[in-house]
Amino acid sequence: MSANDLYELDRQHLVHPVSAWATQEAEGPLVLDRGSGLTVKDHTGREYLDGFAGLWCVNVGYGQKTVVEAMNAQAEKLAYVTGYFGFASETAIRLAARLAELTPGDLDHIYLTQGGSDSVDSAVRLIRYYWSMKGEPQREHMIALEYGYHGSSSTGAGLTALANFHRGFALPLATQHHIEAPYPYRHRTGLDADVIADCEAALRAKVAELGADKVAAFFCEPVIGSGGVIVPPKGWLKAMEKTCRELGILFVVDEVITGFGRTASMFACDHEDVVPDMMTMAKGLTSGYAPMGALAISDRIYREIRDLTPDGKAIGHGATYSGHPVAAAAALEVIRLYTDGGILSQAQKIAPYFEARLRTLADHPLVGDIRISGLLAGIELVSDRETRAKFAPELKVGKKLLGLTRDLKLLVRCFDDGIIGLAPALTITPEEVDLIVERLRNAFDALMLQV
Ligand SMILES: Cc1ncc(COP(=O)(O)O)c(C=O)c1O
């Protein structure tokens with residue numbers, strides 16, 4: 001089909017996620033057609049360097065043949081098995097066991113989902129169920145972070161703290177709350193200890209305001225992703241874990257972006273020996289080769305839910321594609337690539353170079369802040385480095401950057417407010433790191449002429 005035909009059909013029929021429908025229709029799609037490693041080609045054959053791994057998910061890079069083979073083999077053998085009525089597939093069982101092994105501490109029980117939003121939604125439902133079974137149904141309130149993102153399910157979008165996920169959707173719910181995020185660059189002192197202490201105090205204050213016996217859980221990302229790649233100070237996650245334990249509320253870590261090597265360890269929780277009550281995962285789980293996520297549940301919570309549920313009564317949470325055998329086959333092979341295949345150690349080796357090269361951009365007059373955790377990075381551009389002032393919204397800096405980087409054959413995330421997100425495949429080479437940095441500098445130079 002010709003490029004023009006595709007553009008036209010897209011405009012008429014394909015509804016794009018998180019898009020301004022009229023703008024999308026007017027501008028049409030960029031149709032990507034094939035990929036290998038970090039390189040993707042569009043439908044006209046133009047090549048781009050993907051510095052964002054699709055949507056921070058293709059951690060093993062494009063074109064990994066063994067993943068495709070594993071999926072094919074499973075699809076040929078048995079394309080579908082339900083998890084309902086006691087059925088299971090070998091791939092789903094092995095995947096659950098492998099995830100129990102890889103996730104920290106006693107996160108030993110795995111509910112396989114259809115993606116990140118479903119993982120968060122499953123956590124929310126099971127937390128409500130848990131407290132109800134424990135005889136504390138009044139624990140309705142959930143607390144998350146400003147700038148946080150927890151997907152777009154009808155309740156998860158309320159834990160998300162981004163305005164366009166609330167506007168017109170009657171969210172957040174009265175039971176959903178947001179507290180100050182650990183954002184050193186925009187914090188009153190920017191000192192690690194103060195950032196941590198302020199977040200702890202904010203959580204305590206919110207729980208006191210709502211009533212200590214009314215709060216069910218606190219949700220957070222170890223590095224805030226879609227809210228602008230905000231990297232908290234070291235020790236922050238541990239401090240939040242400790243605070244939740246003291247307050248007697250459940251602690252949920254959303255590792256949908258940070259999981260599977262993105263921060264140069266299997267999970268971000270591993271950096272600080274954190275063991276949450278529940279952990280949500282997706283993206284790097286299958287590296288985007290198939291849609292799948294997971295919710296890991298601690299042994300303690302699992303057993304309580306199991307034992308408090310009335311005899312023989314099914315817990316009403318499930319989906320047709322939970323534990324899909326083909327997606328599970330993809331995940332098993334992707335995980336093998338991270339571990340035995342050496343991709344996680346490759347990421348650990350290249351991460352210091354990625355950081356050092358990105359930090360060379362700090363001298364650019366538009367760059368206010370550079371934040372990095374492994375192969376996850378955010379660059380915050382500002383209109384004034386002294387005052388840290390953001391660009392006026394009418395300048396549409398995000399949109400300009402998107403155009404400029406694409407013209408330079410670089411795919412990165414350009415947030416509306418002038419923040420750039422980077423999350424290349426973990427297989428990135430030093431030459432590709434250099435290319436990303438060179439193209440970013442050129443894009444910033446070009447942007448200077450337009451703002
Ligand atoms: C931290 C976090 N949680 C949840 C989600 C939702 O995942 P999905 O888009 O797979 O539904 C995302 C997606 O970007 C995410 O970054």
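Biologist: What does the accessible surface of the chain come to, and what percentage belongs to carbon and sulfur atoms? After that, take me through strand β15 and the loop that holds Thr427.

Modeller: This is a predicted model. The accessible surface of the chain comes to about 19500 Å². Carbon and sulfur atoms hold 54% of that surface.

The chain has 14 helices and 15 strands. Its radius of gyration is 22 Å, close to the 22 Å that the globule rule gives for 451 residues, so the chain is as compact as a globular protein of that length. Along the principal axes, the C-alpha atoms fill a box of roughly 65 × 55 × 45 Å. Of the 451 residues, 54% count as buried. Take the contacts with a separation of 6 or more: 70% of them join residues 24 or more positions apart.

Now to β15. This strand spans residues 419-422. Ile419 and Gly421 point one way from β15. Ile420 and Leu422 point the other way. All four are buried.

Two strands pair with β15. β12, residues 376-381, pairs with β15 in the antiparallel sense over four bridges. β14, residues 413-414, also pairs with β15 in the antiparallel sense, over two bridges. Ile420 is the bridge partner of Ile379. Ile420 is also the bridge partner of Cys414.

β14 and β15 form a hairpin, with four residues between them. Gly418 sits in the turn and has a positive phi of about 85°.

Beyond β15 comes the loop you asked about. Thr427 lies in this loop, between β15 and α14 (430-448). Is Thr427 buried or exposed? Thr427 has 17% relative accessibility, and buried means under 20%, so Thr427 counts as buried.

The contacts of Thr427 come next, leaving out residues up to four places away in sequence.

The loop between β12 and α13 (397-407) holds Arg388. Phi of Arg388 is near 65°, a positive value in a residue other than glycine. Most residues other than glycine have a negative phi. Arg388 is partly exposed, with a relative accessible area of 36%.

Lys409 is another residue to check. Lys409 is found in the loop between α13 and β13 (410-411). Phi of Lys409 is near 60°, again a positive value in a residue other than glycine. At 33% relative accessibility, Lys409 counts as partly exposed.

Two further loops deserve a glance. Pro172 lies in the loop between α7 (156-159) and β6 (176-179). The peptide bond from Leu171 to Pro172 is cis, with omega near -5°. Most peptide bonds are trans. Gly248 lies in the loop between α9 (236-247) and β8 (250-254). Gly248 is partly exposed at 36% relative accessibility. Leaving aside neighbours within four places in sequence, Gly248 is in contact with Trp131 and Arg139. The C-alpha atoms of Gly248 and Asp213 are separated by 8.6 Å, and these two residues are 35 residues apart along the chain.

Notes: Residues numbered from 1 in each chain as written. Predicted model: local features only at pLDDT ≥ 70, side-chain atom pairs only at ≥ 80, totals over all residues. Heavy atoms only, no water. Rg over C-alpha atoms; globule rule 2.2 N^0.38 Å. Buried < 20%, exposed > 50% of the residue type's maximum accessible area, 1.4 Å probe, protein only. Contact = heavy atoms within 4.5 Å. Areas by Shrake-Rupley, 256 points an atom, 1.4 Å probe, with all protein chains shown as cover. Pairing = 2+ DSSP bridges.
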